[in-house]
Structure formats: structure tokens, C-alpha cells
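Subject: The structure we talked about

Hi,

Here is the structure I promised you. Have a look at it first, and then read on for what turned up in it.

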Amino acid sequence: MTKQKLELTWIGKDKRPKLEPRILLEDPTKSYHAAARVSEADLFDNRLIFGDNLLALKALEQEFAGKVKCVFIDPPYNTGSAFTHYDDGLEHSIWLGLMRDRLEIIRRLMSDDGSLWITIDDNEAHYLKVLCDEVLGRGCFVTAFIWKKVDSPNDNKVPITPDHEYVLCFTKTSGARPFRQKSDDSILEAYRQPDRESDRPYRDRLLKKNGKNSLRSDRPSMFFPLTAPDGTVVLPMHDDGREARWALGKAAVERLVAERSLVWKLRASGWVPYTREFAPESPSRPYPTIWNDLDTTRQTKAHQKALFGDNVFDTPKPEDMLKRILDMSTNPGDLVLDSFAGSGTTGAVAHKMGRRWIMVELGEHCHTHIIPRLKKVIDGQDRGGVTEATGWKGGGGFRYQRLAPSLIVHDRWGNPVINPAYNAAQLAEALAKLEGFTYAPSETRWWQHGHSSERDLLYVTTQNLSAEQLQALSHEVGADQTLLVCCAAFRGVSAAQAAERWPNLTLKKIPKMVLARCEWGHDDYSLNVANLPMAQAVSAKSAQDLDGARAAGDLGSVRAVGGLVSATGPAAGRSTAAPSSAQASLFGGDDA
Ligand SMILES: C[S@@+](CC[C@H](N)C(=O)[O-])C[C@H]1O[C@@H](n2cnc3c(N)ncnc32)[C@H](O)[C@@H]1O
């Protein structure tokens, strides 16, 4: 009998996109850095990526797998009304599929000691928790923090108004809790006495257990005699004459004696033992799961107003929430990723805290909000948010990148060809990525564009190579290295002859070598419905198609439903317009 597994299922769950690992192209006119260094710790190698986050995450995978310490995402919450005419779980299925595809890559990007934090509300929180259990593992779930997002009563015409959102927290490694506690100097108030020798403050606590479970019968092994300084034998006894017990076992008490932390005091009743506890050097306590001490949406919008004037971003998260998360989960220099960047809160806070960051944003607010905001942070001109708490003065920078277009396009006869927009260097970089090589053109060997190991090299050319050229290449590569040659064609020799004649060369023809690898020309995996007609436009035929697909559990076969392009279907690759409304799109705008 096959073992049954507990899982969440949805329409189209078994469809996974075969993503093209794109290269990223920098636009130096949009990159930015401070005019001068502010400190030795200034960080410049941060990245702002403009484009769909599924392709961007895929593009980052080769370089950053296993390297991201903290991922924070604040995805669209799937509360929009684009699908209200299909109240049958279809929109939840699509949302879950879009999230699953992203979470799987995010997991691969996380370091073993890394963590993932996701803000979400009631609408999808519980489905998302189960989905994350499936992608990361149930043992990786830490908790669902609760953020109190309002500080004033809401609409009083409804019976219940939502005051909170969740922050789901998962670790990459099952059972791991790689989190720092909350520093709290008030703990020191309990340590009043300074030690005569070391001057360290301490407190003494009774060794006898009081209160619940404090009887000998509760823990018989913790009832044993101790010898006081005058040689008398002391046993734990309650004032009412009942036999009590010590708070520690014999071995622990012996350790205290050896460390000279068992202290005797002479009281009216006789000698009484105490344990001496010195004040912790960094006093801290665990974070609670309810976060009602952070900025609310209203306060966050006030900071946005200072940053953007009237053009405030609709659904920002407070900077102090991000500071808390990064305080708990990262150290200076660690890498932080946010693939739903919005107005850029995560990058702004990571920057102020000396963490390296990568942000991905698909919307135009990448240019209208994130870039201006980060410029202000770098120039030390953002006085709001966590600037004061972090002591931020400015400095560092970021590189702006966008996704390269698809490597393969179709010529006018419908044949797949290398995209003419690629120059030679970009083509070499793209093929290095596709073949799993590191793109690193050699300064001395014109034919070496990359390596996968010290002896395994890559050469990319659009030439048709002759047998003489291949002979010369083989000679240069030598017997103790191998070279993968990606060329348009080769002549004067068959593939079998070439393999026999030059065992240190592997010849592959582009674009043929990559055609079956992935989906080409698919630019937007975001299911952007911003400018599409609503469901009234569904024809009887489309509705039938949809019903049929539902019955077959296969949305991949529905090309377009009432103008909604299925993310999992073959038509999903058609680009749609950039989001124009913050509310109108799923994974293409901000309906959180
Ligand atoms: C709720 S907002 C994030 C707000 C952010 N935490 C802040 O404090 O400003 C979600 C963002 O995800 C972006 N987004 C949605 N789908 C995306 C996709 N497929 N690729 C990249 N960004 C996407 C939206 O454009 C929106 O800006």
C-alpha cells in the first residue's frame, strides 16, 4: 500500500513552468552610489532588479543559491476582486501556484541558517502556512507573528474589522531557531549589588524551591543535605515544617560550589544557601509573538509622505517591522532578499543596518518610489523610519539591473534563432549560465569565457568553426583541460570524428543545444490582469472551456478565460501591460 501523504491540492498544482535562466543587465544610469565613502563598512554591491520576480529569482539562483540569510516577502494578499465572478477557488489555485513556484526558488536561495518571513492576512494566511510546510518542511515553521496594523477604531458600520496581519516565519533547516533575542536593559535592574572582587552586579536567589512543585515528594532527588560554613547540616524545609526541595540537583549544586557561586547567609532561622547570578553582559529576552509595539499603517504612511509627498505607496510595511526581523535573523554584512519590493522598505532598512540586499520589483514604482527612496537613504537624507534607531548617516550604493530579453526568438520564418539583441559578451554570459558555468572571460585567452572548475572551460562563438580552427583550439587547451565549445556550426568534420580527434573539446551548436531546456520568450509569469475586461465578457464557449478544464483538473489547457491569461497555460507567456492600478492585479500590483 502506498503511504498516503498529507497535502494541500489545488487546480493545476502539477504544472510547473520551465524557467529560462536569464542574465541580468545593468543600467548604470539608474544605479547609484554615494559620492564618498562614509565608513569602511559601506556596502555598494546591493541590487535592485526590475522585472518579474519568478524570472529574477531564477536569474539569481546560480550565483546566490544557499547564500541568502533572510528573505522577507510581502506578496499581494489575493484580496482583489478580479475573480469575484468565479467564486469557486480558482483564484486561490492560481495564487497558490504562483506562490509555490516562487517559494521553491526562494528556498534554494536561502542559506542553511537562513529564515523566511512572509506578511499575509486572513484571506490566504492559513493556506500559505500549509503551502510553506510543503515547500520548506513542517519542522521549519517557527511561528505566525501578529502585527497590529491599526491604532484607531475602524469603520464602525461592520461587526468585525481586521486589526492585524500575520508574519509567517520559517527556517531553512528543520528545528533550527537561528534568532537573536530582544535586548532589554531593564533586566539589569534585578542585579543591584556590585561584586566586591569583580565589581560585576549580581543577584542572589534562594536555592530552596518555593511555590508549585516545591515538595520533597515532587522531586525526591533534589532533597539532599548541604553543609553550612559552620559545619551544620542544612536540609530544604518550608516554614510550615513540610520537607521542601532544592531548585537544583546534586551535580548542579556541586558545580556552583566549585565556581564559588553558592553563597551562605546567616538568617534568624540559621544558615540559608543562595545561588549567586551575575548580570548578563548583553541582557535580552525572547521576542513575543504579538507585535503591538511597532508602527501601524497610519504611522508608516506618514513616513511615506515625508519620502514621496502625495505619491505615497498604498501598502507599505513599517521600517521598524523590518528592523525587528533583521535584528532577529541577521548580522551586519548578511544578504537580505525581498522579491516583492513595493516601495523598497526592506532594502532601505537593510541598507541602514549594514546588511547587503537584493530587491525585485515589477511595477513602475521601482522607478518612482524605490530608486528615489534608496537615493535618499544613501545620501543620508531620509530622517524617518529607523534612521535614528540605527544611527544611519548615509553611504554605500546599489546596482540597478533588469532581466535580459529571452535568448531565443523566432525569425520571420518561425525558426528559433539567437536573439539579435544579444551582443557577444551577453551571449557568452547567457550560455555560461545555461550550461552551469561561471562567466569569467579570461584576459589572456581569447577563447576562455567561463569555467565550471579550474580545468573545465567554456568558449562561446557565433562562428562556423573549421577543422583547422578546432585543431588550433584543441592544441591551446592542452591535454589536462577540457573546453566546451558553443558555436553556430562546425565544418570539415562530423561530430563523431571531432570527438575522436579532439577528446579535450566538446562541440555544441547554438541555438539547438538549448532549445529543449526551458520556455523561451516568456516574459511575465505574474498573471497581470490590470487592463483586462471583467468576467461579463466571458463567452459561452470560454465558460465551457473553463468548466472542462476544471473537470479535468487541468488549467494548463485553458488558453484564456474571459481575458484572464492562465499562468500555467501555454498562453501564459504573452506579455501583458505593466500594472497601472495598485488594486487591480494579482501578482502584478499591490492588492495587499
Ligand atoms: C504589498 S507590496 C509590497 C510592499 C512593501 N513591503 C513595502 O513596504 O513597500 C507587493 C509588491 O509586489 C509587487 N509584485 C507583485 N507581483 C510581482 C512579480 N511577479 N514580480 C515582482 N514584483 C511583484 C507589486 O508590484 C507590489 O509592489
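One term before we start: two residues are in contact if their C-beta atoms, placed from the backbone, lie within 7 Å. Also keep in mind that this is a predicted model.

Let's begin with Ile120, which sits in strand 5, a stretch covering residues 110–120. Which residues does Ile120 touch, leaving out those up to four places away in sequence? They are Tyr77, Ala125, Leu128, Glu165, Tyr166 and Leu168. Is Ile120 buried or exposed? A residue needs 20 or more other C-beta atoms within 10 Å to count as buried, and Ile120 is buried because it has 23 of them within that distance.

Next up is helix 6, residues 319–329. This helix is mostly covered, with nine of its 11 residues buried. Among the buried ones are Met321, Leu322, Ile325 and Leu326, but also Glu319, Asp320 and Arg324. So what does the covering? The elements over those buried residues include strand 4 (68–73), strand 5, strand 6 (141–148), helix 5 (297–308), strand 17 (335–338) and helix 7.

The crossing of the two is right-handed. On the helix 6 side, the contact is made by Glu319, Leu322, Lys323 and Leu326, while helix 7 brings in Thr345, Thr346, Ala348, Val349 and Ala350. Sorted by type, the residues of this contact come out as five nonpolar, two polar and two charged. If you wonder about the spacing, an α-helix has 3.6 residues a turn, so residues three or four places apart point the same way.

Last, find the open sheet of four strands, which has the order 9-10-14-13 and antiparallel pairing. Strand 9 (193–194) and strand 13 (262–267) are at the edges with a single partner strand each, so one side of each has no neighbour in the sheet. Strand 10 (residues 201–206) pairs with strand 14 (residues 270–278) in the antiparallel sense, over five bridges. Within that pairing, look for Asp204, which stands opposite Arg276 in strand 14.

Happy browsing!

Key. Residues are numbered from 1 along each chain as its sequence is written. This is a predicted model: local features need pLDDT of at least 70, side-chain atom pairs count only at pLDDT 80 or more; totals for chains, interfaces and linings use all residues. A residue is buried if 20 or more other C-beta atoms lie within 10 Å of its own, exposed if 12 or fewer, and partly exposed in between; C-beta atoms are placed from the backbone. Axes are lines fitted to C-alpha atoms, for helices over the stretch in contact, and angles run from 0 to 180 degrees between N-to-C directions. A crossing is left-handed if the near helix is turned anticlockwise from the far one by less than a right angle, and right-handed if clockwise. Ala, Val, Leu, Ile, Met, Phe, Trp, Tyr, Cys and Pro count as nonpolar, Asp, Glu, Lys and Arg as charged, and the others, Gly among them, as polar. Two strands pair if DSSP finds at least two bridges between them.
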